[in-house]
Amino acid sequence: MSDHAVNVQRVSKVFNLGKTNEVHAVDNVDLTINNGEFVTLIGPSGCGKSTLLRLIASLVEPTGGSIEVNGKPAEQARLDREYGMAFQKAGLFDWRSVSKNIELPLELMGWSKSERASRAQEMLELVKLPEFGDHHPAELSGGMQQRIAIARSLAFNPSLLLMDEPFGALDEMTREHMQDELLRIWDETDTTVVFVTHSIAEAVYLSSRVVVMSPRPGQISEIIEVGLGDRDTSTREDPEFFKMVTVVREALRSVESQ
Amino acid sequence: MTAVPSAAVTSAPATKARLARWSAPIIAGVTILVVWEASLALLNPAGFVLPPPSAIISAIFENFSEVWMAARVTGFIIVTGLIAGAIVGVVTALLVTRYRLASEILTPLAVSLSAVPIIALAPIFNAWFGLLSPRSNQMIVVILVFFPIFINTAKGLTQVEPSQIELMESYAASKWRITREVRVPNALPFFFTALKVSTSLAVIAAIVAEYFGGRQDALGPLITQSAGLTRYDEAWAAVLAGTLIGAALYMITEILERVAMPWHVSIRGNDPAAN
Ligand SMILES: Nc1ncnc2c1ncn2[C@@H]1O[C@H](COP(=O)(O)OP(=O)(O)OP(=O)(O)O)[C@@H](O)[C@H]1O
Ligand SMILES: [Mg+2]
């Protein structure tokens with residue numbers, strides 16, 4: 001396996017190429033992410049964060065450049081089922097119970113019924129909803145649905161986890177809890193995480209590097225090394241943490257004022 | 001209705017709601033029948049205008065074997081036509097949403113077919129299949145049912161949350177798997193809505209088509225012949241039989257819907273619009 005989990009080289013994505021509504025969503029972006037790294041993408045709305053994430057996931061084709069994941073073309077990595085994804089919208093299936101939603105990727109990967117059931121229960125406990133397995137998604141609040149979607153994305157220990165504002169809909173306390181859980185899982189496994197967020201504090205708390213993007217055309221304007229070491233309950237009050245928050249804020253401010 | 005998880009708490013209001021659901025149409029129906037009977041007794045118009053309900057009901061009993069036979073003949077055409085039309089509609093929708101080529105060929109064909117006044121073809125179909133063959137009437141039901149089923153099912157198969165498709169693609173699920181896991185369940189409510197509309201459409205189509213040909217012991221001919229002989233109560237008895245077939249099919253469809261998609265808001269009863 002190559003030591004780069006993600007290798008994005010001179011990648012561009014133009015939507016509606018050649019038409020009047022042409023959009024340069026991502027323009028000539030280079031980004032390498034090491035195995036086991038936690039990277040967040042941050043930037044003003046419409047700067048191409050989700051598009052970059054979907055390019056890495058090989059859900060959209062780049063119009064230029066190349067993307068490798070775990071040393072192979074992104075598409076091959078997708079076909080080899082190396083991704084877990086979580087979106088801003090929970091996107092649960094109404095016709096499946098909560099447990100069956102979590103089991104969906106496991107079904108696709110051919111896990112046995114008993115393995116799936118015990119794994120789903122484990123994940124439910126992880127997101128602190130152990131007694132909701134038999135409920136239907138419509139019976140859950142928006143934040144609870146989001147936690148189930150996160151459980152689903154983590155269920156098969158993917159080597160690359162792509163998350164697009166997954167905690168946006170959660171209340172502050174649940175959000176902090178989920179952040180800590182995500183860091184714990186990330187620490188325990190060798191998962192690489194690419195995480196999109198609008199929250200500066202979240203970006204700083206979670207990641208080893210923060211990628212600041214600028215809009216029109218979507219480009220990387222700065223990559224900030226966070227270097228806070230292991231996170232614990234005191235990190236959120238650490239002066240070093242606030243210093244990094246300020247660094248990221250200033251980087252974002254200069255992007256916005258462009 | 002608020003979501004109360006405990007079954008013991010929900011059962012009392014649920015029973016009450018069910019009672020209300022059944023009692024309202026029954027009260028309305030009985031009222032209409034009473035007003036109908038009473039106003040005819042008071043006004044006493046000529047017999048051909050409208051017979052009183054009591055006369056229609058006694059006509060059913062007097063001619064029970066004849067009406068029952070006719071209802072069975074027409075009922076068979078309705079049910080088989082409905083099932084065949086639904087199957088053809090669903091299969092076409094699956095093909096059209098799955099294969100681009102199928103869509104380019106079949107969609108314009110289906111849409112132009114829908115513009116044809118199908119019932120007007122009954123005499124022509126009779127010429128094709130034979131004046132006394134039930135095939136022509138069956139074909140008319142099939143074609144009429146096909147269109148709403150096809151259009152609605154195709155809509156349900158395509159109007160899927162894009163992130164749900166992306167999720168499946170990120171797991172490298174096959175197109176067929178995505179259809180099975182996401183598109184088909186998403187299309188179920190669309191399909192059942194169309195099927196409910198189709199039940200009454202099928203009854204109308206079968207009886208009107210029978211005015212032009214097909215078996216002579218069916219409901220359509222029974223209505224025209226009784227009316228021709230000024231036996232209006234018998235004609236109305238045949239209409240009532242058609243109504244009952246339509247109502248029964250509608251109820252069966254509702255039951256199937258409940259069995260097929262217990263998860264849906266319209267069935268779980270949490271949808272305020274449904275109450
Ligand atoms: N499928 C698409 N077709 C056309 N244009 C698109 C498509 N997806 C994204 N875009 C455009 O590309 C640009 C970048 O969109 P993207 O969703 O990547 O932004 P974002 O950084 O994720 O924004 P936000 O923070 O609001 O989620 C936007 O101008 C958007 O309109
Ligand atoms: Mg986005």
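Trainee: Which element gives the most to the lining of the second largest pocket?

Mentor: To read a lining, list its residues and then see where they sit. This is a predicted model. Here H1(B) gives the most to the lining of the second largest pocket, namely 6 residues.

Trainee: Which residues line the second largest pocket?

Mentor: From chain B, the lining has Arg21(B), Trp22(B), Pro25(B), Ile26(B), Gly29(B), Val30(B), Tyr250(B), Met251(B), Glu254(B), Ile255(B) and Arg258(B). Two elements of chain B each supply two or more of the lining residues: helix H1 (7-43) and helix H10 (232-260). The space in this pocket is about 380 Å³.

Trainee: How many cavities of 30 Å³ or more does the structure hold?

Mentor: A cavity is a space that the probe cannot get out of, whereas a pocket is open. The structure holds 1 cavity of 30 Å³ or more. The largest cavity has a volume of about 40 Å³. Its lining consists of Leu154(A), Asn157(A), Pro158(A), Leu161(A), Ile185(A), Thr189(A) and Thr191(A). By class, that lining has 4 nonpolar and 3 polar residues, with no charged ones.

Trainee: What does the radius of gyration say about chain A?

Mentor: Compare the value with the one for a compact globule of equal length. For 258 residues that would be near 18 Å, and chain A agrees, because its value is 18 Å. The C-alpha trace of chain A spans about 50 × 45 × 40 Å along its principal axes. Chain A has 8 helices and 10 strands, and buried residues make up 54% of its 258 residues.

Trainee: What share of the contacts in chain A joins residues at least 24 apart?

Mentor: Take the contacts between residues at least 6 apart in sequence; in chain A, 68% of them join residues at least 24 apart.

Trainee: Which residues does Ile223(A) touch?

Mentor: Leave out residues up to four places away in sequence; Ile223(A) then touches Leu31(A), Arg209(A), Val210(A) and Val211(A).

Terms used: Residues are numbered from 1 along each chain as its sequence is written. Chains are lettered from A and ligands numbered from 1 in the order in which they are written. This is a predicted model: local features need pLDDT of at least 70, side-chain atom pairs count only at pLDDT 80 or more; totals for chains, interfaces and linings use all residues. Side-chain values use heavy atoms; hydrogens and water are left out. On a 1 Å grid over the protein atoms alone, a cavity is a set of points where a 1.4 Å probe fits but cannot get out, and a pocket is an open set with protein on both sides within 12 Å along at least five of seven lines; lining residues have an atom within 4 Å of a point. Grid points are joined across faces, edges and corners, and a volume is the space filled by probe spheres set on the points. Helices (H or I, at least four residues) and strands (E, at least two) are DSSP runs, numbered from the N terminus. The radius of gyration is taken over C-alpha atoms; the globule rule is 2.2 Å times the number of residues to the power 0.38. Buried means under 20% relative accessible area, exposed over 50%, partly exposed in between (1.4 Å probe, protein chains only). Contact means heavy atoms within 4.5 Å. Ala, Val, Leu, Ile, Met, Phe, Trp, Tyr, Cys and Pro count as nonpolar, Asp, Glu, Lys and Arg as charged, and the others, Gly among them, as polar.
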